[in-house]
Amino acid sequence: MRFAIFRTIGVLLLSLSVLSLLWLIRPTPAERIAPTWVVPPSSSGMPERLPTPPLILTPTPAIATEMLLVQPHLDVAIPADLYHPADHLALAKQLDQALVYVSARFGSPPASRMRTQIVHDQSCMLRGLARTDQRVLEVLTCNNLPHRRVINIAAHEFVHQLAYDRYGVVHMQSDLIMLEGIATWGAGNYWLGDSPSFRDFVRDNYRTNLLPLATHYDGRSIHDMNQLYYQWASFVEFLLETHGRERLDALAVTGNREPGSGDYVGVYGIPLGELEQAWQAWQAH
Ligand SMILES: [Zn+2]
């Protein structure tokens, strides 16, 4: 029972964090967080593609005006009144490609199929949330928002699911730096635009005013929250490059949702502060 409650709280908190984040991805002035240009995933290192099954277009029983597009790795549900029906298949295919890309980048595939639920939101506030225990990822959008921004958001949400599948439910209560840093890092090109790495992105955009890594975004500006997500992704990139995947995986299941709460000493032998100094030096080059 306690477990179920904690899990529910975790999902709610994650959803809230995602909802908050996606304020960033409104048309202006935070365009930078939703890259206008997305690099096609490289074919190298990608998981083997499954043969594409025949497209199935059927109204779902619960909502007659919704179409379900069954893709090789993903089920995509799109309201019939959202976007032009002729664009639905392209959107579903691009979402499927994004899942393949982030799975290769993250290093492990989803445990089983998941569903991406596109929701027509009249308020036109682009946002997403990951119901990882249900394997449902929602993206709320409207006709005035381009498809690519739906895909950019979904890429981040997909990684939350992959992390849940790799690390288990305990990850949802882990250090916020890891929880959101891994999801942002895993989204890769979908968040980098034309930057080659998160190190470059942070250096080019935030170099003169880095925030302490153990900063919570609660109560801070949208700009700061935006910056924290990118800094955390850069920190994940740094930990991977300098200390390897095994330790990152060990860290990803520690903490209590507070940024900086992970067991850095147990995993790396030094506290976060020392790792952060090394990261800043790495970041500056
Ligand atoms: Zn997130």
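Student: How do you know that the span of α7 agrees with 1.5 Å a residue?

Tutor: This is a predicted model, and the check is on its C-alpha atoms. The 22 residues of α7 should span 32 Å. The end C-alpha atoms are 31 Å apart, so the two values agree.

Student: What makes α7 largely enclosed by the rest of the structure?

Tutor: Buried means under 20% relative accessible area. Of the 22 residues of α7, 17 are buried, so the helix is largely enclosed. Just after α7, G244 takes a positive phi of about 90°.

Student: How does α10 do on the span test?

Tutor: Helix α10 runs over residues 272–284 and has 13 residues. From its first C-alpha to its last it reaches 18 Å, close to the 18 Å expected.

Student: Which residues of α10 are buried?

Tutor: They are L272, L275, E276, W279, W282 and Q283.

Student: Why say that the buried residues of α10 line one face?

Tutor: Look down the helix axis. The buried residues of α10 fall within an arc of 120°, so they line one face of the helix. They pack against α4, α6, α7 and α9.

Student: Why is Q117 called buried?

Tutor: The cut-off is under 20% relative accessible area. Q117 has 12%, so Q117 is buried. Its place is in strand β4, residues 114–120.

Student: What makes the pair Q117 and E66 a polar contact?

Tutor: The limit for such a pair of N or O atoms is 3.5 Å. The side chains of Q117 and E66 are joined at 2.4 Å. That value falls within the limit. Leaving aside neighbours within four places in sequence, Q117 is in contact with E66, A77, V136, L137, E138 and V139.

Student: How do you know that C124 and C142 form a disulfide?

Tutor: The sulfur atoms must lie within 2.5 Å. For C124 and C142, S to S is 1.7 Å, which meets the cut-off. The structure holds one disulfide.

Student: Why is the disulfide called right-handed?

Tutor: The torsion about the S-S bond of C124 and C142 is about 50°, so the disulfide is right-handed.

Student: What makes H156, H160 and E180 donors of the zinc ion?

Tutor: For this metal, donor atoms must lie within 2.8 Å. The protein donors H156 (NE2), H160 (NE2) and E180 (OE) lie 2.1 Å from the zinc ion. That meets the cut-off.

Student: How are the donor residues of the zinc ion spaced in sequence?

Tutor: The spacing is H-x3-H-x19-E. H156 and H160 both lie in helix α3, four residues apart, about one turn of the helix. H156 and H160 are both buried.

Student: And across the protein, how many helices and strands are there?

Tutor: There are 10 helices and six strands. Buried residues make up 52% of the 285 residues.

Terms used
Residues are numbered from 1 along each chain as its sequence is written. This is a predicted model: local features need pLDDT of at least 70, side-chain atom pairs count only at pLDDT 80 or more; totals for chains, interfaces and linings use all residues. Side-chain values use heavy atoms; hydrogens and water are left out. Helices (H or I, at least four residues) and strands (E, at least two) are DSSP runs, numbered from the N terminus. Buried means under 20% relative accessible area, exposed over 50%, partly exposed in between (1.4 Å probe, protein chains only). A polar contact is a pair of N or O atoms within 3.5 Å; within protein, one must be able to donate a hydrogen and the other to accept it, and residues adjacent in sequence count only if both atoms are side-chain atoms. Contact means heavy atoms within 4.5 Å. Donors are N, O and S atoms within 2.8 Å of the metal (3.2 Å for Na, K and Ca); water is not among the atoms, so sites may look incomplete. The expected span of a helix is 1.5 Å times one less than its number of residues. The arc is that of the directions from the helix axis to the C-beta atoms.
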